[in-house]
Amino acid sequence: MIVPRWEWRTFGQEFGDADSALAALPVEQVVESTELYILSASGTDVVKVRDELMDIKQLQQVSDDGLEQWAPVLKATFPISASELGAVTAALGVTTVPPARDDYPLDVLLDDVITPNAELMAIEVHKRRVRHRIGGCLAERTEVRTDRAFTCTIAIESEDPALVMAVLAEVGLGGQPNVNFGRGLKVLEGFGQERFAVVDVGTNSVKFHIGERSADGDWQTVVDRAVVTRLGDGLRETGRLGPEPMARTVEAIAGMAEEARSRRVGAIAAVGTAGLRIADNAADLVNAVRTRCGVVVEVISGEDEARLAYRAATTGLPVRGSSVVFDTGGGSSQFSFGERDRVDERFSVEVGAVRYTEQFALDGVVSAETLSAALAAIGGDLERLDGRDRPETLIAMGVAVTNLAGVKHGLAEYDPDVVQGTVLDRDEIDRQIELYRSRSADERRTIVGLQPARAEVILAGACIVRTVLDKLGNDSLTVSDRGLRYGVLAERFGAVGREWSASTPT
């Protein structure tokens with residue numbers, strides 16, 4: 001009797017702690033194979049030819065935790081019969097009837113059913129699978145190669161879903177979305193259109209992005225917005241997340257999850273950054289979100305945050321020679337040093353706009369003396385930047401710099417295409433620092449281009465940006481509108497295209 005297995009899988013080039021955890025386990029088996037997958041733009045079953053057998057796996061059900069239960073429904077030798085062909089076409093969602101025959105060799109199946117249908121694709125896939133046992137589950141790390149692309153995937157499988165969830169937590173993959181092999185292969189090959197959502201839970205705001213991968217492999221923005229929830233209010237004083245900030249954040253994420261599902265996304269990935277890294281009760285927020293809407297928030301390390309930000313920022317912007325990408329937010333700033341698309345060093349520091357706003361009362365009119373003290377404190381906390389060579393390319397991302405760009409251009413309505421690639425020099429940043437220093441929060445809200453919800457923290461953010469310029473010896477920086485969420489989208493759901501483009505939500 002065949003017992004269906006519960007499966008979980010993720011795709012990417014590297015998996016951090018999970019790679020280390022699996023590498024420390026004994027290797028049970030190494031298997032190399034070349035298989036022919038038949039992809040369907042509409043079908044959900046996994047259809048492939050392996051060891052000269054037509055093999056179909058069918059999705060039986062999805063658990064509340066997002067695990068998928070799969071069962072084999074056909075294993076047939078070639079040539080397959082007419083009834084077996086019926087099972088294949090049903091699995092692929094094919095409605096046209098191929099010419100009647102007594103049997104169907106593989107070449108006939110390809111020529112008569114697959115090739116003529118633009119909704120189908122046959123793709124040869126080479127796999128190298130390394131298998132381990134952990135916590136009563138099969139854990140498999142696979143290198144996946146096609147003629148056009150390469151990726152890796154980790155899968156955890158068991159007949160018991162509770163064991164799968166326990167292993168995911170043990171190896172540090174519990175917050176990542178479950179993307180089955182068929183869906184991951186379609187993303188890798190750029191076949192058909194699929195939508196995925198990313199939720200970025202920051203100290204000051206929750207950012208929400210839905211990306212749609214087009215047939216040519218580029219990602220198009222369907223939704224991109226943020227809700228200011230001030231999750232980190234009072235965090236520095238107490239070390240804990242307050243009930244009201246948590247409630248606001250949970251409701252914001254639940255609304256985003258509902259919208260994502262209404263727009264038929266394939267999966268939702270949610271990550272938490274600095275605020276959740278330092279809060280003693282971060283698990284309370286994670287559990288509340290999971291209970292409220294079924295989304296699992298993965299609290300990522302500062303190093304992973306920096307790596308993902310670098311990947312997002314260097315896509316679609318010219319990068320010359322040595323480069324630094326930094327992302328400054330409400331609770332921390334991430335720095336990545338590299339050469340073009342290669343990262344040589346990355347780190348995160350607890351330098352965020354919320355901290356200095358609270359410490360120096362930068363949410364209103366500020367004296368020159370207080371401003372100097374704040375800049376000195378920021379400079380001291382950014383000492384890891386001291387003594388470094390000036391990078392040829394300096395790219396900045398995060399709400400502070402996108403708001404600085406919006407004010408520079410006088411954008412009454414935010415336009416990501418205008419903000420992306422904006423150059424901010426020292427004079428412009430100094431002009432805006434003085435603009436904010438001399439105004440109350442309410443007066444700042446009247447400044448064209450500044451998002452009203454950022455009025456309290458924009459001065460601190462501008463001071464951080466200005467200090468980074470001083471430390472690295474650059475006269476200007478280039479703004480990237482493509483934040484952490486774009487890096488998560490790229491890593492979790494397939495290789496990024498050449499660039500992201502904005503579109504009207506549909």
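Two strands count as paired if DSSP finds at least two bridges between them. Helices (H or I, at least four residues) and strands (E, at least two) are DSSP runs, numbered from the N terminus.

This is a predicted model, in which local features need pLDDT of at least 70 and side-chain atom pairs count only at pLDDT 80 or more, while totals for chains, interfaces and linings use all residues. Residues are numbered from 1 along each chain as its sequence is written, and side-chain values use heavy atoms, with hydrogens and water left out.

**Stop 1: the hairpin.** Select strand E16, residues 322-328, and strand E17. They pair in the antiparallel sense over seven bridges. A hairpin of four residues joins E16 to E17. Find Val324; Phe337 in E17 stands opposite.

**Stop 2: across E17.** Now colour E17 (residues 333-339) by burial: six of its seven residues are buried, meaning under 20% relative accessible area with a 1.4 Å probe, protein chains only.

**Stop 3: Phe335 and the core.** Centre on Phe335. Leaving aside neighbours within four places in sequence, its contacts (heavy atoms within 4.5 Å) include Val324, Phe326, Phe347, Leu382 and Val468. Phe335, Tyr436 and Leu477 have the most contacts inside the largest nonpolar core, a set of 47 residues. Such a core is a set of buried Ala, Val, Leu, Ile, Met, Phe, Trp, Tyr and Cys residues joined through side-chain atoms within 4.5 Å. Helix H17, residues 458-472, gives the most to this core: 10 residues. A second, separate core has 30 residues, among them Val223, Leu235, Ile268 and Val297.

**Stop 4: strand E21.** Select residues 476-480. Strand E19 (residues 393-397) runs parallel to E21, with three bridges. Ile395 has Thr478 as its bridge partner in E21. Strand E20 (residues 423-425) runs antiparallel to E21, also through three bridges. Asp425 is partnered by Ser476.

**Stop 5: the largest cavity.** A cavity is a set of points, on a 1 Å grid over the protein atoms alone, where a 1.4 Å probe fits but cannot get out; lining residues have an atom within 4 Å of a point. The structure holds two of 30 Å³ or more. The largest has about 70 Å³ of space, the volume being that filled by probe spheres set on the points. Select its lining, including Thr203, Arg236, Gly330 and Glu358. Helices H6 (235-238), H8 (274-278) and H11 (353-360) each give two or more residues.

Key:
Buried means under 20% relative accessible area, exposed over 50%, partly exposed in between (1.4 Å probe, protein chains only). On a 1 Å grid over the protein atoms alone, a cavity is a set of points where a 1.4 Å probe fits but cannot get out, and a pocket is an open set with protein on both sides within 12 Å along at least five of seven lines; lining residues have an atom within 4 Å of a point.
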